[in-house]
Amino acid sequence: MDPVQGILFGLGRAMEPQTLLFCFLGVLWGTLIGVLPGIGPTGGLTILLPLTSGMDLTQAMVMMAGIYYGTMYGGSTTSILAAVPGETASVITVLDGHQMAMKGRAGAALALAAIGSFVAGTMAVFGLAFLAPALASLALDFGPPEYFTLALLGLSTAALLSNVSLAKGLSMAVIGLMVGTVGMSVITGYQRYTFGRIELISGVEIIAVLMGLFGVAEVIETVAMTFRPELRREPLFDLRRIFPNREETGRSIGPMLRGGVIGFFVGALPGSGGALSSYVSYALEKKISKHPEQFGTGAPEGVAGPEAANNAGATGALVPLLTLGVPYSVVTAIMLSAMVVHGVFPSPLLMQRSPEFFWTVVSSMYIGNVMLLVLNLPLVGVWAALLRVPQRWLVGLILVFCVTGVYAANFSRFDLLVVTIAGGIGVLMKRAQLPAAPLALGMILGPILENALMQSLILSHGSPLIFVKRPIAAVFVGLLGVALLVPLLQRLFGRRVVPTTEEEM
Amino acid sequence: MRIVTEEDDGYSRDMKREKWKTVSIDRISSLVLLLVAFVYTLAGWRLPIWVKDLPGPALTPRILAVALTVLAIIIWFQAQPFPKSGQGRALWGRSVIILGFLFAYYLMLPLLGYTLCNFGLMLGVRRTFEPGSWRWDAIGSAIIATAAYFIFVRMFGLSFTEFFLWE
């Protein structure tokens, strides 16, 4: 099935009432999660993950993808209106979006963010549709050594991009891999680290750990760090005039298109996702702008570009999952978990074996983008009003969702204990500035990595040289070396820069 | 921001004291990671690394333990000052309270059931953070707990019914 046929076929399936309903629920929930500060796409997806086990897989994935890019849409609302980013990808939008709002252009800023997200989201869907078959056919030659090195590269890059020192990021990835070794070893059949507990034979419940790290710990941080009752009294802006004027539109078209391209390709890189896409887009727009001095004071390019990029990045992040079967971000790793629960293991053969699933998910993203445009522009006042909901209600509600979701996954009370412990560890990790994303990714990628390692060593009769003897694997090893050595060389030969005042720290 | 040398590290005495406090968080992290690597190795000590010339179940764990040990040592030597958040006490207090609520939920679920536990969790959170009047807090919590029952148990068909009240 060629991409055009695939999209048309997928559109037909995605327009079925039930699929449309789940797509709508996904983008609605995603927008809600994006609007509310504190719970990002990871937390929002994790909370609903257990419910997807009882759903049809295609509808579940349509809903989860909707949540992911819906979060990117929703995140811009609070960034622009209250200077409080709903999720990390919208942090950069605060700079110019909130300044536009302060100048009486709140409606225009929100419209630029929504239209930019729609344009870039649509571009990214077509990018995914046309690029995925080519990548998947390339990946058909992959064997265990290639998968091992590819997964290792993804995990290491995720650690590298985790915004802390490489050693801390990698150490969390290793801890995640360690947690992934708990339970029955698939290749050897041995039980490891179960300590006689039946609940641990099938491994530590990933959903419970994710819920603890990204649900409970995020809630605690929201309550403790950003608990600001004055947020509810934030003056809301005039949102009756939501369309940008001619000058704002003219200045935003280029950034939207560039943001779409940048976002898609940066989003497909290991460990990057939407956040890095928006930063790269902002930096590029500022660099090529004739008026870089206007950035930070309400430049429409500073809203349109990053918002377009973060939405395209969300779609781009699905490329490695759907074509190679390797998730490169925590969000796509959660999607992988949902697929595995349904007995579907993503691989380069996914498009051949399950074309209906693949093309329906891809096409539904286009429909979801249209839904988001309709949801976000006319209803922006409703989303803004959510900022007035008392935080104590939201905290309680999110916790109820967390415990329900965790319990519903296996109907095991033990998992409630796991989520509490993981939540506590998540808080400690935040205090020690240890990133949770590499840990989660390591935990999910662990079994893939270990199986590929064991199979590779069995193939080579125990020789690790197999990872450099096979050309594609050797390329991945080379890239891995570069990824790990560059920060090391920077540290060795670079000069140390420290803040000189306490305020700067 | 300025570039500094080893002789003049740019910190006042107070800042050095603060720096020591914050550096110690990295050092504690490093020690905890070393402990994890040690316990992990010890717990899997009896597992074979190779079985009949094929990789055994302890191969990956040993590699991971060595990697974590090396990384922990690097973190020790790379310890950096942290920005002081000024929210430490509030964070710890609220963290303990929320985790306490969750632990209580785990303990009480078989006794009180899903709906009453949700009611307790909601009410507890509301009363702890920015409480309103008792009556409205209780009514609001009851509405949410009942709604959760109808949505998750009745609509989604999740098997919480055996815990619903004392059924």
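The model is predicted, so local features need pLDDT of at least 70 and side-chain atom pairs count only at pLDDT 80 or more, whereas totals for chains, interfaces and linings use all residues. Residues are numbered from 1 along each chain as its sequence is written, chains are lettered from A and ligands numbered from 1 in the order in which they are written, and side-chain values use heavy atoms, with hydrogens and water left out.

Helices and strands were taken as DSSP runs numbered from the N terminus (H or I, at least four residues, for helices; E, at least two, for strands). Helix H3 of chain A covers residues 41-52. The expected span of a helix is 1.5 Å times one less than its number of residues; for the 12 residues of H3(A) this gives 16 Å, which agrees with the 16 Å between its end C-alpha atoms. Of the 12 residues in H3(A), 12 are buried (under 20% relative accessible area, with exposed over 50% and partly exposed in between; 1.4 Å probe, protein chains only). Among them are Pro41(A), Gly43(A), Gly44(A) and Pro50(A).

Thr360(A) belongs to helix H16 of chain A, residues 355-376. Its relative accessibility is 1%, so Thr360(A) counts as buried. A polar atom of the Thr360(A) side chain lies 2.4 Å from the backbone oxygen of Glu356(A). Neighbours within four places in sequence aside, Thr360(A) is in contact (heavy atoms within 4.5 Å) with Gly10(A), Arg13(A), Ala14(A), Thr19(A), Thr58(A) and Val62(A).

Over all chains, the structure holds 12 salt bridges (a side-chain nitrogen of Lys or Arg within 4 Å of a carboxyl oxygen of Asp or Glu). One of these joins Glu450(A) to Arg192(A), with the closest N and O atoms 2.7 Å apart. Glu450(A) lies in helix H20 (residues 436-459) and Arg192(A) in strand E2 (residues 191-192) of chain A, so the pair ties together parts 258 residues apart in sequence. Glu450(A) is buried at 8% relative accessibility, and Arg192(A) is buried at 1%. Arg197(A) and Glu199(A) also form a salt bridge, at 2.9 Å from N to O; Arg197(A) is partly exposed at 39%, and Glu199(A) is partly exposed at 33%. In chain B, Asp137(B) and Arg126(B) form a salt bridge at 2.4 Å, and both residues are buried. A network of salt bridges links Arg13(A), Glu16(A) and Glu356(A).

Beyond its neighbours within four places in sequence, Leu399(A) is in contact with Val216(A) and Val219(A), and with Ile98(B), Leu102(B), Leu121(B) and Val125(B).

Across all chains, 12 aromatic pairs were found (ring centres of Phe, Tyr or Trp, the last by its six-membered ring, within 6.5 Å; planes under 30 degrees apart are stacked, over 60 edge-to-face and the rest tilted). Phe118(A) and Tyr366(A) form a tilted pair, 6.4 Å centre to centre with 45° between the planes. Phe118(A) lies in helix H6 (residues 106-139) and Tyr366(A) in helix H16 of chain A, so the pair ties together parts 248 residues apart in sequence. Ring pairs link Phe118(A), Phe126(A) and Tyr366(A) into a cluster.

Methods: A polar contact is a pair of N or O atoms within 3.5 Å; within protein, one must be able to donate a hydrogen and the other to accept it, and residues adjacent in sequence count only if both atoms are side-chain atoms.
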